[in-house]
Amino acid sequence: MKADSYNLNWDVCGQKRATRFLQSAIQNKMLSHAYLFYGSQGVGKYTLAKEFAKTIMCVATSGEKPCGKCFSCKQMNHGSHLDFFIIERMADEKKGKLKKEIVIDQIRDLKSRLQQGTLLNSYKVAIIPEAQYLNGSSFSGMLKILEEPAPKNIIILITDDISRMPRTIISRCQTIKFGSVASSEIEEYLIGKNFNQEESKLLSKIACGRPGKALGLAYNHDRREKYFSGINLFFEILRVNLHSRFNLINNFMDFESGDAGDKSRAGSLLEDWQSIVRDIILFQNNSEELISNFQNISQIEQAGSVISPSKLENFLYGIDQAKRYLGLNINHKLIIENLIIRL
Ligand SMILES: [Zn+2]
């Protein structure tokens, strides 16, 4: 079988290059003991990591892998595989939110689990979906695991911020970059999932190259509603004075509730505003065909005719900065309020 004809039917949208690379590594038995997947949020890093893991852990001796029938595949599908580990930030029960970091105890625990034998001498796979949250000592612990690779252990580190990964870690991994996915590919993928053409087109445009975003909006109606109200909030904010802006944003975010989802809500709001500001800039530059939020075209036109390009650029820069601050765990109410002053 030729490498390029090898197709494992992984359920992944786009990312053909990364998929081909990993599938031919499986086919040619050239697996690395550690991978680092990097690229923007929602482009398919975690999805591909799981398909990859499922395939190498499948214990079917013949036929197509992953077979979906062996005990390994079944356990993977139930999320209960004993040799598959996902290392994430733990919940801080007192504060009702996630801890800031992945701590060393989690990495020590992973190390000892990786050292234990398996029943059928099969693979063990660990995925760290937000590896940028490892801290100084957990990075050192991880480095030890990477420096002494045990056979049939595979570590997949994933990050959307490679600048926060130490060079020592990067140099010990096979790195794979994930770019954005063409909206035509996302549209086709959604149609394949039985969404109608109109909806698939709308969501694939909004997704701005991130199938994860399109799928989230497709399957989660709450999220979809939140998206459209976040976009409307932006245009409302443009119309009112600063005092009313603060009220609007406070109502929208419900800052006082202390909800654990607050920070991620702030993060998605920033992303959504980034896409709408980008659209207004595109409109000003006569590139309407590239606009993501064409459902808001009349508001985009109106905003584009009253806000100066330099103000928009400044706001875009402010959003970038706000996203970074959010990653540093600075109070998100303050971050968002500081941002809307710029408009
Ligand atoms: Zn299987």
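**Domains, core and local features of the predicted model**

Glu289 is placed in the loop that runs between helix H12 and helix H13 (297–306). In this model, which is a predicted one, Glu289 is exposed, because 7 other C-beta atoms lie within 10 Å, and a residue counts as exposed when that number is 12 or fewer. From Glu289 to Ile56 the C-alpha to C-alpha distance is 42 Å, the two residues being 233 apart in sequence.

The protein is divided into domain 1, which covers 3–177, and domain 2, which covers 220–341. When the centres are taken over C-alpha atoms, domain 1 and domain 2 are separated by 34 Å.

The largest nonpolar core holds 75 residues, and among its members Phe37, Ile156 and Leu157 touch the most others. Helix H12 (residues 262–284) supplies the largest share of this core, namely seven residues. Because domain 1 (3–177) and domain 2 (220–341) both give residues to the core, it lies between them. For Phe37, when neighbours within four places in sequence are left aside, the residues in contact are Lys45, Ala49, Ile156, Ile158, Ile176 and Phe178.

Ile158, one of the contacts of Phe37, lies in strand E6 and counts as buried, with 21 C-beta neighbours inside 10 Å, where the threshold for a buried residue is 20 or more. Apart from neighbours within four places in sequence, Ile158 is in contact with Phe37, Lys45, Tyr46, Ala49, Ile127, Ile128, Pro129 and Ala131. Between Ile158 and Tyr189, which are 31 residues apart along the chain, the C-alpha atoms are separated by 23 Å.

Strand E5 (residues 124–128) contains Lys124, a residue that is buried, with 24 other C-beta atoms within 10 Å. Not counting residues up to four places away in sequence, Lys124 touches Asp83, Leu114, Thr118, Lys152 and Asn153. The C-alpha atom of Lys124 is separated by 44 Å from that of Val277, a residue 153 positions apart from it along the chain.

Lys152, one of the residues touched by Lys124, belongs to the loop between helix H5 (136–147) and strand E6 (153–159). Its phi is near 65°, which is a positive value in a residue other than glycine. Lys152 has 17 C-beta neighbours inside 10 Å and therefore counts as partly exposed. A positive phi in a residue other than glycine is also found at Asn9, where the value is near 55°. Asn9 is located in the segment before helix H1 (16–27), and with 9 C-beta neighbours inside 10 Å it counts as exposed.

A further backbone feature concerns the peptide bond from Lys65 to Pro66, which is cis, with omega near -5°. The position of Pro66 is in the loop between helix H2 (45–57) and helix H3 (71–78).

In helix H10 (residues 221–239) is found Tyr227, which is buried, with 22 other C-beta atoms within 10 Å. With residues up to four places away in sequence not counted, Tyr227 touches Leu217 and Asp272. Tyr227 and Asp272 are 45 residues apart in sequence, while the C-alpha to C-alpha distance between them in space is 7.0 Å.

Helix H14 (residues 309–327) and helix H15 (residues 332–341) have axes that come within 10 Å and that cross at roughly 175°. This crossing makes H14 roughly antiparallel to H15, since angles over 145 degrees count as roughly antiparallel. On the side of H14 the contact is made by Gly318, Ile319, Ala322, Tyr325 and Leu326, and on the side of H15 by His332, Ile335 and Leu339. Grouped by class, the residues in the contact of H14 with H15 comprise six that are nonpolar and two that are polar, with no charged residues.

Definitions and conventions. Residues are numbered from 1 along each chain as its sequence is written. This is a predicted model: local features need pLDDT of at least 70, side-chain atom pairs count only at pLDDT 80 or more; totals for chains, interfaces and linings use all residues. Axes are lines fitted to C-alpha atoms, for helices over the stretch in contact, and angles run from 0 to 180 degrees between N-to-C directions. Helices (H or I, at least four residues) and strands (E, at least two) are DSSP runs, numbered from the N terminus. Angles under 35 degrees count as roughly parallel, over 145 as roughly antiparallel, 65 to 115 as roughly perpendicular and the rest as oblique. Two residues are in contact if their C-beta atoms, placed from the backbone, lie within 7 Å. Ala, Val, Leu, Ile, Met, Phe, Trp, Tyr, Cys and Pro count as nonpolar, Asp, Glu, Lys and Arg as charged, and the others, Gly among them, as polar. A nonpolar core is a set of buried Ala, Val, Leu, Ile, Met, Phe, Trp, Tyr and Cys residues joined through C-beta atoms within 7 Å. Domain bounds come from an automatic or database domain assignment.
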